[in-house]
Amino acid sequence: MSSPTKKRGGTSAHPVRAAGRGGLRRLAGPVLAAGLAVGQLAAASSLDISDRYSPLNRKRPVRPETRYIILHTTEGSEAGSLRKVRKYGEAHYFITAAGKVYRIIDRRKIAAHAGRSMWGGRTNLDAMSIGIEVVGTYDRDINAAQYDALRELLRQLKGLYKIRDRDVLPHSMVAYGRPNRFHRANHRGRKRCGAIFARPDVRRRLGLAKRPPSDPDVLAGRLKVGDPDLQRMLFAATAPAPRQAILSGDSGPAAAGSAAPSSASGNGGGDSMVISRGRNAWSIAREAYDHPTTVYVFPDGTRTRGDEIADWDRIPAGTTVHLSEEEPEQEFEGFLEIGKDGDTIPDLAGDAAREATTIYFFPSGLIRTGAELAADASLRKMLAAPPKGTRLLVGYVYGGYVRARRSAYAIARSKWNYPSTFYRLPTGRILSGDEVDEASIPFRTLVFFQN
Ligand SMILES: [Zn+2]
């Protein structure tokens with residue numbers, strides 16, 4: 001924080017040099033030559049580490065710098081979470097309930113783990129951090145095997161990248177949300193993920209001497225507090241005792257029968273999935289409150305999708321919220337975004353703003369090409385003043401819908417399975433070409449491929 005422009009940590013171009021200033025010496029000797037020569041973190045004898053690389057590892061770019069380590073809790077079963085984290089490349093390391101460590105994304109590359117994030121005014125922390133997923137929930141202690149694995153992994157990474165203890169942060173400390181129906185300003189509280197790793201006693205057991213004393217972005221007025229209970233968990237000097245650790249033989253939190261990020265197991269109602277006084281749709285579903293994959297079951301048994309609800313003030317108490325476990329952290333990976341990558345359309349699309357090869361994804365769900373927007377008097381204003389969060393693909397072909405006699409291959413030909421090709425499913429989910437199975441693409445899926 002004292003020198004915001006100074007780069008810390010090593011880059012992939014010099015993995016050994018980055019390790020040379022102290023970190024190298026602490027690594028286990030015999031495996032050094034083999035381990036670091038191929039850019040792997042050396043496996044010390046006390047670390048049971050193996051490769052479970054994501055299919056996305058290949059196409060992920062190298063991270064320019066490394067300032068932070070972000071700690072996550074899976075909030076779901078071990079098997080389901082591992083599948084999702086690998087599928088979307090959502091962490092560099094995954095620690096099982098038994099204390100095994102899996103490599104998911106090469107530690108030098110970018111993993112999509114932090115999502116919308118800010119710390120000390122810096123945003124998009126994926127570009128400057130290593131992400132570690134630990135099987136567990138944000139309010140539950142981890143077990144002895146997990147402590148051993150995480151402590152050793154942190155010791156090696158801190159040495160390798162010269163990361164300070166206070167820069168090892170729970171995901172919930174850095175995640176933030178945009179203004180929405182429930183919060184008028186950018187706010188902390190988008191996630192509770194990893195909150196257990198803010199506890200001074202937990203940090204001490206992990207070999208972390210310090211934690212941030214306060215939230216720099218709330219202090220500076222960049223963010224509002226969206227979840228006061230979370231803020232107390234993260235920064236209070238004393239916190240209530242955590243729930244008991246899961247046992248290493250468990251398959252994880254879902255062994256208790258709950259879905260992420262819930263606990264239907266009834267731990268006092270703090271995490272109930274039922275809407276009640278003081279517990280609204282946002283406090284249960286967070287940013288997924290209006291997603292098509294979030295389902296509301298009203299007390300009379302009727303079911304409604306989040307994107308079908310218009311009046312959020314009139315959801316009756318007793319309504320149960322069902323979340324999809326498969327919601328990826330960053331489904332729009334590869335898209336440009338108004339307010340993130342640039343403030344105006346010319347910033348992002350230049351002269352191509354009104355072309356058919358620029359495709360706009362508005363927050364309302366509307367998708368149009370630049371040519372269509374320019375040709376329609378009622379839509380032209382959206383080109384002049386696009387809502388924040390509007391996403392763009394530049395240099396793309398709008399391939400239209402997959403139909404019974406119009407396959408993805410018929411639309412995009414050899415590019416149908418390219419990582420740069422995107423599919424928008426009828427549910428609103430975006431998948432890239434290397435994530436879809438051509439045999440299971442639903443009709444009415446839209447296809448976009450590079451020109
Ligand atoms: Zn997380």
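Here is what I looked up, entry by entry.

**Ground rules.** I am working with a predicted model, where local features need pLDDT of at least 70 and side-chain atom pairs count only at pLDDT 80 or more, while totals for chains, interfaces and linings use all residues. I number residues from 1 along each chain as its sequence is written.

**Overview.** I find 14 helices and 22 strands in the protein chain. Helices (H or I, at least four residues) and strands (E, at least two) are DSSP runs, numbered from the N terminus. Of the 451 residues in the chain, 39% are buried. For that label I use C-beta atoms placed from the backbone: a residue is buried if 20 or more others lie within 10 Å of its own, exposed if 12 or fewer, and partly exposed in between. I also looked at contacts, meaning pairs whose C-beta atoms, placed from the backbone, lie within 7 Å. Among contacts with a separation of 6 or more, 67% are between residues 24 or more positions apart.

Most residues other than glycine have a negative phi.

I located E75 in the loop between strand 2 (68-73) and helix 4 (78-88). Is E75 buried or exposed? E75 is buried, because 27 other C-beta atoms lie within 10 Å.

R413 counts as exposed because it has 10 C-beta neighbours inside 10 Å.

**Helix 4.** I went back to this helix for S81, which is found there. S81 counts as buried, since I read 27 C-beta neighbours inside 10 Å. From S81 to F94 is 13 residues in sequence, and their C-alpha atoms are 9.3 Å apart in space.

**Strand 22.** Which strands does strand 22 join, I wondered? Two strands pair if DSSP finds at least two bridges between them. Strand 19 (residues 396-401) runs antiparallel to strand 22 (residues 446-450), with five bridges joining them. Strand 20 is also antiparallel to strand 22, and three bridges join that pair.

I then picked out F448 in strand 22. F448 is the bridge partner of Y398, and F422 stands opposite F448 as well.

Notes: Contact = placed C-beta atoms within 7 Å.
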